[in-house]
Every structure is written in C-alpha cells, then in structure tokens.
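Please look through the structure shown here and follow the paragraphs below. They start with chain A as a whole and then turn to its parts.

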Amino acid sequence: MPKHQKGKGKGVSRRSFFKTTGVAAGAAALGGFHFTRTAQASKPLKLGCPLPLTGPYGTEALDQKAGAQLAVDQINAKGGVLGRKVELVVRDTKLKADEASRRAKELIESVGVELMTGCLSASNQLAVNEQCKLAGIPYMSISQANEITERGDASVYTWHEALNPHQTTQAVGGWVGKNFGKRWYFLTSDYAFGWQLTDGLRRAGKAYGIMDVGETKHPLGTSDFSSYFPRIMAAKPDVLFLDNFGKDQLNSVKQATSFGMKKKMQLICPVLLASARLGAGTKAYEGVKGGTSFYWQQDIPTAQAFTKAFWDKNGRPPIDYAGYAYGGVLELLGGVNRAGKLAALPLAKALEGRKYDNYKGPQWWRPCDHQSQQDVFILESKPPKKKYDVFKIIDTVSGANEALMRTCVEVGAVKGKPMRVGLKK
Amino acid sequence: MQTQQAEVGAGAPGGAWDRVVDLVSRYPVTVITIFFIIFPFVVPYKALATQIIIWGLFALGYNVCLGYTGMLSFGHAAYFGVGAYTLGIVLIRLWENLWFGLACATFMGAFTALILGFMCIKRKGIYFALLTLAFAQLLYFLAFQWVDLTGGDNGLRHIPAVPLPLPGFTVDIQDPLRFYFLVLFFVVLALMLLQRVLQSPFGRVLEAVRENDPRARSCGYETTNVRWMAFIISGAISGLAGGLYALYLHFVGIETLYWVTSGQILMITLLGGMGSFIGPFIGAGVFLFLEDVLSAITDNWMIFLGTIFILCVLFFPEGIWGSVMKLVNRSAGKKG
Amino acid sequence: MDLSVIVMQLFTGLSLGMLYVLLALGLSIIFGLLTVVNFAHGAMYMWGAFIGVFTVTWTGSFWLALIMAPLGVGMYGLIVERWLIRPLYGRDINYPLLLTFGLQLIMIEVTRIFFGTSDHPFNAPDILSMPLEVMGIFYFPAYRVFLIIFTGVICAVLWYFLERTNLGLVIRAGTRDPLMVRALGIDMNRIWWLVFGIGSALAGLAGILAAPIRSVYPEMGVAMLVECFVVTVIGGMGSLPGAIVAGILLGLVSSLTTLIYPQMADIVIFLVMAVVLLVRPSGLFGKAGLLE
C-alpha cells in the first residue's frame, strides 16, 4: 500500500510542523478548515468520542461515555491539558461502521477535535482509526479487537487500551483448560470478533489437550438460539463457550438456561458482561463463568477509587467498558501533558513502554504495537446480596511478561520480522 | 402525478418567488449547479455538503425508479453498496486510478441492476419491493461472508487516498473543498445525462408506463423492457453514488449493503418529493442536516426525526419540493 | 445426523415459527383489509414486551401481563388508526408506510427515554420455567410448549371469529370488495378501525410471549419486523392461513438450516421468499392482483 503510506507520511509531517510552530499555531491551522480561531490557548481542547449509543450495544456505550466523561472531569479538575480545559464531544455511530467513519470525519473537519477516543465493536473502531490515521490524530481505542494492533491497521497514532480477543481467550482458555473437562464446544458469533475468540480458545486449549467436539456459527444479532441447542446437546460437551457479545450473549445464555444446558455442561462466556448479566437476571446467568478486564468489587486501590468516583457521579458502579474508557482517556490526556505538546510523535514517546495503573492494577504500553498489557480476571455469576453485586472474582490471570499477547512478529506484516509502529523498542 | 414542467406550465408565473420556482423547473440542471457551487460556503462544514450531494445523487438514481417509473424498490442498498465495494476493491487491487474506479463502480451498479432486474422486473407493487429486498439481502450476506474480498463485518479498509489524474497533471483531492467539487462534477454530469434521457422519446414512454402500464403496452411498447432499462439507469447512478461515498470515506462499511440503507434512501426521496430533479437533493439535505444537528444536541434525536416524518406525511404528502410546487401553483392560479 | 436431533430441531423450529405466526397474522390482517404496510408493527411488538415487564414488576403476575399487553397495545392501535392512519386512506400506499416508519422511530425513542437502553430481565412464570426432559439427552423448556399451544389456541379463536361470526363475515367481505360492503350500508371506517386494533393487539401479544425468551430492549422489534414482512409475503398478503403456514414453515426452515449451514440461518428466509415469489408471484395463499 504505497499510497496509504503516503497519507500517513503527510500526517506526520503536519505533526512535525506542530513541533516547530507550537501548539497554538498548529491548532489554528487545524481549526482553519472551518473558521480561524483566535486565542487558541484558552479554547478548550476537544476530545472526539464516537459511540454506538443507539443500537444493540447502547448499554455498554452509555457506560463508556460516562467513564470517558469522568476521566475528562478529573483531568480538568487538575488543571486540564497543557493549561487548556478538555471537552468531550460525543457522537452516535448507531453501531454502523460507515456512520462511525462519517462521524469521525465530521469531528475532525468540523468540530476540530485534536484527540480521538471511543467506539465499541471492531468494525466501528477500525473505521474511526482509518479517519484518524488520514488526519494524523491520536486515537485511543477502547473496545476489543485484534486487528487494530495488527499489520495494516496499527499505526503510530493508534492506541489500544482495551484487552483484545487474543489476550482474553489465552487467559480464559488456559483457566478453563486447567479446571474443567476436555470436551469443548464453541457457539461462535459469525464475525471477526467471534472467530477470533474461538481461534484463541482453541490455541489456548491445545496445551491442555482439549478435544474440539464442534463449533456452530450463528449470525450476528440472532434473537433465538433454541435451534442451535439440539446439536450441541447431542455432542455432549463438558464446556460450552459462548463466543459472542451484547444481546447475543444475553439471549444465548438466557435460552441455554431454559433448555437445561447447564445441567449437562459448564457455560463459559469469554467476555462475561455485567450489562448482559443485569439484563438477563440472576437465574439465567447463575453459575456462568467467564473473563473480564474489570469488575467493580476488585480489591485493588485504583479500582476502588475509580468505582467510588464513578458511583458518586452516576449512581451505579462502572462496568468493564466504562473502565476501558476511563483508563484510556486518562492515558491519552495524561500522555499529552507529559509530552508537553499536543502532537502524535511526542505522545508516542511519552506513552510507549510506560507502566501505569489507572483503575485495575498494573498495565504496560507495548511499544511495538501500542497494545496495553494487562491482567484478566475470571468471574462467576452469583445471586446478588445487594444491587449490582452480581459476580464473584474467582481467579486472576496475570498478563505480565507479554504472557497473554501475541508476539510482535505475529502481528507484523512481514514473516519473521517484528512489527514496529511505535518509536521505541 | 403530473410532471413538474406541466404543473408549472399550467399557471402563469406571478411574483418573484413564482419566477424562481419557474426558473428551477425550466432549467433544473443549471439552477442546481449554481446552487451547489455556492452551497459548501453556507453549510456548517464542507463534509456535510459533500455527504448531502452524494446522498442526493443516490436519491436521484432511486428517483428514476420510484418517481419516474413508479417502481417501489426496497433493495437499492445493493447497487449503492456494490458501487462502493467496487471502487474500493479496484483501487486497492487493480489500479489506483480514480476515473477507472468510478467507471467500474458505475458499471457494476448497472450490471447488478441488470441481473437483479431481470429476475424482479415482472413483479409489481409490494411484491417487486420485497423481491428486490430479498436479493439485496443475499448480496449483503455474500459480502459479509466473503471476508478476503470485502473485509466482511469489519468493512473494506485501506482504500488509498489517490489524487485526481487530469491530462498533464494531478490534483490532490484530500482537501474537503476540492473533493466536494469533484463530487459536484459527477452530480452535474449525471443530471445532464439524465435530463437528456428523460426528455428523449424513451423518457415519454417511461412516463406512460408509470401512469398506465396496460395502456402503454396496448400502444405497442414493451413495458417490461422499458422498466428494466429505467432500473438499470437507476442502478448505474446509485453505483456511481456508492463509489463516490467510498472514495469520500476511504472505507466501506458492510451496512452500506444492509436493508436499512434501502429504507433510508426511500425516506429521503419521499421526504424531498418524487419525480423531480430537485426533490432528492432537498430530501438528502434536510435528512442529513437534521440528523447531524439533532444528534449533536440530544441522544434522543430520532424522536424529532420521527415527528418530522409524520408531519410531512400528514401535511406535505408530496414531499417538500412537491408541496412548494403545489403552493406556488395555487397562488399563481388565483392570480391568473 | 441422529434422528432424535432432527426431531428436536423440528420442535424448536415450531416454537420459533409461533412468534412469526402471531406477528404475521397481525401484519397480514392489516395489509389485507387496510392495504397499510405497518412499519410500526415491530415497535408494537416491543411495547407488548415492555407492558409485560411493567405489569410483572408491579403485580408480579405473568398471567395478568399476558392480558394487559395485547389490551394496551390494541388500544394504542385504535388511537393510531383513528388519528394518524385514517387521514391517509385513499392516498398512495407509500404514505402510511412512511408514517408508520416515523411512528416506529418515535416509539423506540420514547421507550428509551422512559426505560433506558439496557435490557430488562423477564422470566417465565415458575410453573413454566423448568426444562422437560426429552429422550434422555435433551431438555425442552415447558414455556415453549406453552407457547406452541397458546398460539394454536389464538389461531383457533381468530379463525372462529372470522369464519363464524357476523363481524368476521363483514371483515372477510371487506378484504374482497370494500366498496360493495359500504354500498350495503356498513361503516367500513369502523371495521378498519377495529381491524387495526386487532392487528396491533396480536403484535402486543407476540411481544409479551417473546419477553421470557428474548432480551427486552427498545430495538427488539426492528429485525423482527423485516422477518415478519417476509413471512407475510411468502404466505400471501392478506391471507390468514398463509400467515400461519408461512410462519411455521419459516420457523422450520430456519431451524433446519442451523443444522446444515448455520451462518445462513438469518438469510435463508430471504432466499425462500425469492424462490416463492419467482414461482408463485402472489405468495403461497395470496390472491393475484392485491397490492400491486
């Protein structure tokens, strides 16, 4: 993709222009698409945040919005970024990738955002990432996807705070392999996210000698899973993985429970969602286990501080996706402050290789692909003693030493050579 | 339904406003061109102007089907989407040439319409609508599954930002304003060609088919073929619009092929008013502008969009442009 | 493939088809009589589920909810017909389509404002929630058995109403020739009004019946709506036996598809529709010429 590289190069040169002329002039040039602004330094710094507020992931998206807003408020309370107040500009993508692309373009060209975060679902974040790369705007992605830190999509502008399906499945798959039976069945949502979960689980399971007794792919947005069950029951698996997300997870767990599947096998949701658990009710999820990046009852000081601040503001505890948004935005804005100027390359220098703990324990920015290394927690659904008390943390899988991540060679484009989107090694 | 020329011809133009409307009806292409040259300087941002004319072009193509021939299609996402994917795939894999990419997009739009039209065209009314929907959904499924070619659910990414090759030199079109005028060039081109077609004898037959199919057939016209031809033209314009959309976003989302896109273009066309050149652009403008402005203000912007639809249906059933025409004609009639 | 799996598959297909049947019946009866393409049907289904959630939260009774949902949505349908649809009679069929599309957007947003975007837990009553053991290795939820029987009863009641009562006679006559019925001194407006109410009530009923199975959230009706259009068209617009047969048929087809090529499960109904319409242009039981 020579032309593509050219587009990237253009962005970098604009950024280096920033370096020489300073933030004020650079931002004026950016805002100059629309109208010339004066006194730029006192103008708020706009942080774009496209989210699928309407559509099937609306619940999670609303929590992301609240998480991002909390981070922005906290940064503003401490004096903002480079002396400027930060303003979060949210747009609705309706969970459509082309809408996400349009919105990102609008945010960049019309609103004049200088940093970008947001998006849920791989397709949406990849679309936003394309626009950010073209415009040379740093983008903090806060939803699970493998591609965004891979060849082709990863760039010096792209940051991925969330876990990706690979990390999640290495943790969950390994844990299940240790603790449960060897006959595994996969109910896979038929799109990239689902495929990646299933592939990752198979890979993780190999070390434990698991037996793959079958896989059924279901279309994204299936509302009735009953017709998938007879075949699964006939295969007599020990463990059934529900490799899906959002309403699909909710529906499949709810219906699997009503079909008495739990009596015969253990249900595992690799990405166990608090929002789906609350939406389906206690009985449907009882005994279901799975992985998560964050749960509000964690015994970690930063997690408790985050939960308290979020709860005070929104009247409910944060879910895992609120955590991604909170942690990601803190890193992005904090990174700009540490870099001392608003530009992609200094930001990369400030973040790459950084060890941090914003809300869930130790994390680390891997320089080669801008993926955040972190722990995965294993949860079990239980009857609540009080409201929102829906899970029990039964194990922690450490992510240290890149244990859960793909190697830099694996994510790269050239066989045998590590990818280098970052500046440092 | 009368054509706009006939409607205006019925009443002698009165005041200044009437004269404007009269002018628009007589020289729609010229007036639209002039208007859209000024347009990007008055909208909040240029990307919105670009979106409006791209969707306006798509609605114009759709209108050939619905407004001029009276075929309610519920599968135009197919031609738009095929155009978008074609442009992307051609630029990524075959040849990084903008003209070639857009030509392929237009051709594939027309070709898809030719194939699907062959199967659907004999059915009428709601059955035609749902058959087109069925085939469009099958295409969506195909694109969803064919990940190697289309990127599947993740969408087609990395469409290169190519410059515009002109004889002797190339123009960088990444600047929003330049890109807008590139799109406008194609819009005007499509408008001029379409005007020629509609004013030709074929255009008259089209009208006859819409108004009274059996009668047109008894006059010796092969009405099925006429409708099919109109369907192909519609597909070609939709394909071109899709190609421009892909070029604009450097990205094609799988939703472009989903039925919701077909629904949206139907709404835009009905909102603006069928059977005219102006209507689709007004519809696209109002729809996108509202969506843009309202969604920035409130999360619950759909409630306003819904209300506007209902008010339009109840009080402006001919669409915005149609209602303006009616109003002007009535006042002209009174004066005359 | 094991025979018992196929038998189970047919059962799940049947229960899957029942919701299609209820929704398609409502759509079809409105189509057939009013020639209104009701795009708000999916939103009415959603409201049925939400009325159910509301009733159960307040009273704790599923059975009361089962009455309240069709009643509430039916009444709402009466209001919609009287004030929004009626002014559009005599115009092109595109107008009610556009209007109900707008209405659907409003209904979804109103629900979102009052109930939020989250899902609402909703469980089947305890006596229906235990899984029944089938053939030693399978379970089948009692609730789905109830769903199949209950829908059967509703169909029988509807059939009796249309075929054996005077009002039913007038409705049937109205689908054939409204002008003639009017000439006989019968107020067709009242009939249309009533029929729209019945169609809406059926959508509400489908909503409450779906609530214990599927997630309850504002957009739950959107995807369902298109599927039901397809069912209605395959059965033949305006044909009630058509709606029933096509609903069950599509339930079975999509259930069996999950055995052979599960990724196609969603799309197969469109394939069936394309084939049916190419072979039989007006659907399985449809009359030629209607709505063309």
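In this predicted model, 70% of the contacts in chain A between residues at least 6 apart in sequence join residues at least 24 apart. Chain A holds 14 helices and 15 strands. It has 425 residues, and 63% of them count as buried.

The domain assignment of chain A gives two entries: domain 1, which covers 2-163 + 300-373, and domain 2, which covers 166-292. Where they meet, 11 residues of domain 1 of chain A are in contact with 13 residues of domain 2 of chain A. On the domain 1 side of this contact in chain A, the residues divide into 5 nonpolar, 3 polar and 3 charged.

Next comes a sheet in chain A. Five strands form an open sheet in the order S2-S1-S3-S4-S5 of chain A, and the pairing is parallel. Strands of a sheet pair through backbone hydrogen bonds, either parallel or antiparallel. Which strands of chain A stand at the edges of the sheet? They are S2 (86-92) and S5 (158-160) of chain A; each has a single partner strand, so one side of each is left without a neighbour in the sheet. On average, neighbouring strands of this sheet are turned by 20 degrees against each other, direction ignored.

One pairing in the sheet can be followed in detail. Strand S1 (residues 45-51) and strand S3 (residues 115-118) of chain A pair in the parallel sense over 2 bridges. In this region A:Gly48 stands opposite A:Met116, a residue of S3(A). Helix H3 (residues 97-111) of chain A packs on the sheet and touches S1, S2 and S3 of chain A. The direction of H3 of chain A makes about 170 degrees with that of S1(A). Helix H4 (residues 122-135) of chain A lies across S1, S3, S4 (139-141) and S5 of chain A, and it runs at about 170 degrees to S4(A).

In soluble globular proteins, nonpolar side chains tend to be buried together. Here the largest nonpolar core has 345 residues, of which A:Leu240, B:Leu130, C:Leu23 and C:Met273 touch the most other members. Helix H1 (residues 3-34) of chain C gives the largest share of this core, 17 residues. From chain A, domain 1 (2-163 + 300-373) and domain 2 (166-292) each supply at least three residues to this core. Which residues does B:Leu130 touch, not counting those up to four places away in sequence? They are B:Phe74, C:Phe229, C:Val233 and C:Met273.

How values were computed: Residues numbered from 1 in each chain as written. Chains lettered and ligands numbered in written order. Predicted model: local features only at pLDDT ≥ 70, side-chain atom pairs only at ≥ 80, totals over all residues. Pairing = 2+ DSSP bridges. Helix = DSSP H or I, 4+ residues; strand = E, 2+ residues; numbered from the N terminus. Axes fitted to C-alpha atoms, helices over the stretch in contact; angles between N-to-C directions. Contact = placed C-beta atoms within 7 Å. Core = buried A, V, L, I, M, F, W, Y, C linked by C-beta atoms within 7 Å. Buried ≥ 20, exposed ≤ 12 C-beta atoms within 10 Å, placed from the backbone. Domains from an automatic or database assignment. Nonpolar A, V, L, I, M, F, W, Y, C, P; charged D, E, K, R; others polar.
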